[in-house]
Amino acid sequence: HLHNGIEGRGSDQGDHCNDFSKRKGLLFFGSTFVGFPLVSNAAAGGDKGTVATAGKDVALRLRRVPTFTIVDNTGLPVHIFDGQSAARGYFFLTYKGAEIVLDDAKNAAVEDDKQFWDDARIISLPLDFALQLSLNKTVRKTQSGQEINSFYTIVSTPEDINSALNIDGGNRFKLDGAVPLFFIEGMKTPKKEGDGFDSPVYFQKNQLIRDWVKSNPDQKLPPIKVLDLRETFVTLMKPGGNDDKLKDISFVTTLDAKFAAMDCSKKAMEDGIKYNMTNLVLVK
């Protein structure tokens, strides 16, 4: 059921939902599909404070990292609607994370919705795009006057969230959309382009450990520290800001994610599917 004539405006995201793993059981309960035209410049990449218009170097670093999201067979993103005033879309840092949710949806679908979920697919989008959307919300107004707040969340793995909580000792990684970045103080890797060295941060702790052991087989593993992706991004983008610890930061993703992203992109190109933000599919 499509609703036309919806107005949108962008604003800063200021709320946090529960941990995604606790919400997963609600994702596809009593599936109902509603399309809402998306016209907000903020959500479409027009907000001047986002990656799209500032910090090209930061955007390029983030762009090397793939994310995975669920869309319908025309490329419309699937959002979870709370039945009242909020809808949320998800970008997963692993293909497996998106696949588990999509498989759950297919298994739980009632007869009328089975074809929708059979046709739904996973596509890959770069992290700079996903992060841009996650830092904003879009408020839409239907013809009846109801306001719908649309949010986006980047989802790490439960294992890495737990690792971050153990390292950090606080509550920031319990917040909805918190994404840990693991690093070892002083660890350097040669730049892929040009001279000098990068300071790598990892989305998965186990990969950091493997890379450290491979490069330093005879050394004891130093303490692993953790940053939050959004906090790091804000610091990097701060006008006039120059944190020496972050200036050479590089974001390291897994080979599995890279190969999965290439496979998703190939399939999407073959089928003529592109991420289409003119509408949203809301699942209640």
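Helices (H or I, at least four residues) and strands (E, at least two) are DSSP runs, numbered from the N terminus. What you're looking at is a predicted model, where local features need pLDDT of at least 70, side-chain atom pairs count only at pLDDT 80 or more, and totals for chains, interfaces and linings use all residues. Residues are numbered from 1 along each chain as its sequence is written, and side-chain values use heavy atoms, with hydrogens and water left out.

**Confidence and overall picture**

- The average pLDDT (the predictor's confidence in each residue, from 0 to 100) is 78 for the chain, and 75% of the residues score at least 70.
- Over residues 1-54 the pLDDT is below 50, though this stretch has 139 contacts in the model beyond near neighbours in sequence; a contact means heavy atoms within 4.5 Å.
- Where pLDDT is low, the predicted coordinates should not be read in detail.
- Of the 284 residues, 48% count as buried, meaning under 20% relative accessible area, with exposed being over 50% and partly exposed in between (1.4 Å probe, protein chains only).
- Take the contacts between residues at least 6 apart in sequence: 75% of them join residues at least 24 apart.

**Val 78 and its neighbours**

- Val 78 counts as buried, at 9% relative accessibility.
- Val 78 and Leu 282 sit 204 residues apart in sequence, yet their C-alpha atoms are 6.0 Å apart in space.
- Leaving out residues up to four places away in sequence, Val 78 touches several others, including Ile 70, Phe 116, Trp 117, Val 281 and Val 283.

**Strands that pair up**

- Strands pair here if DSSP finds at least two bridges between them.
- Strand S8 (residues 147-155) has eight of its nine residues buried, so the rest of the structure largely encloses it.
- S8 pairs with strand S5 (residues 86-92) in the parallel sense, over seven bridges, and Ala 87 stands opposite Ser 150 in S8.
- Strand S11 (residues 197-202) is also largely enclosed by the rest of the structure, because five of its six residues are buried.
- S11 runs antiparallel to strand S10 (residues 189-190), joined by two bridges, with Thr 189 opposite Asp 198.
- Six residues lie between the strands in the S10 and S11 hairpin, where Gly 194 takes a positive phi near 85 degrees.
- S11 also pairs with strand S13 (residues 249-252), in the parallel sense over four bridges; there, Pro 200 stands opposite Ser 250.

**Aromatic rings**

- The whole structure holds seven aromatic pairs, counted when ring centres of Phe, Tyr and Trp (its six-membered ring) lie within 6.5 Å; planes under 30 degrees apart are stacked, over 60 edge-to-face and the rest tilted.
- Phe 129 and Tyr 275 make an edge-to-face pair, 5.8 Å centre to centre with 90 degrees between the planes.
- Phe 129 is in helix H6 (residues 127-134) and Tyr 275 in the loop between helix H10 (255-271) and strand S14 (281-283), so this pair ties together parts 146 residues apart in sequence.
- Tyr 275 is buried, at a relative accessible area of 17%.
- Phe 91, Phe 129, Tyr 152 and Tyr 275 form one aromatic cluster.

**Where two helices meet**

- In the contact between helix H3 (residues 56-63) and H6, Ala 59, Leu 62 and Arg 63 meet Leu 127, Asp 128 and Leu 131.

How values were computed. Axes are lines fitted to C-alpha atoms, for helices over the stretch in contact, and angles run from 0 to 180 degrees between N-to-C directions.
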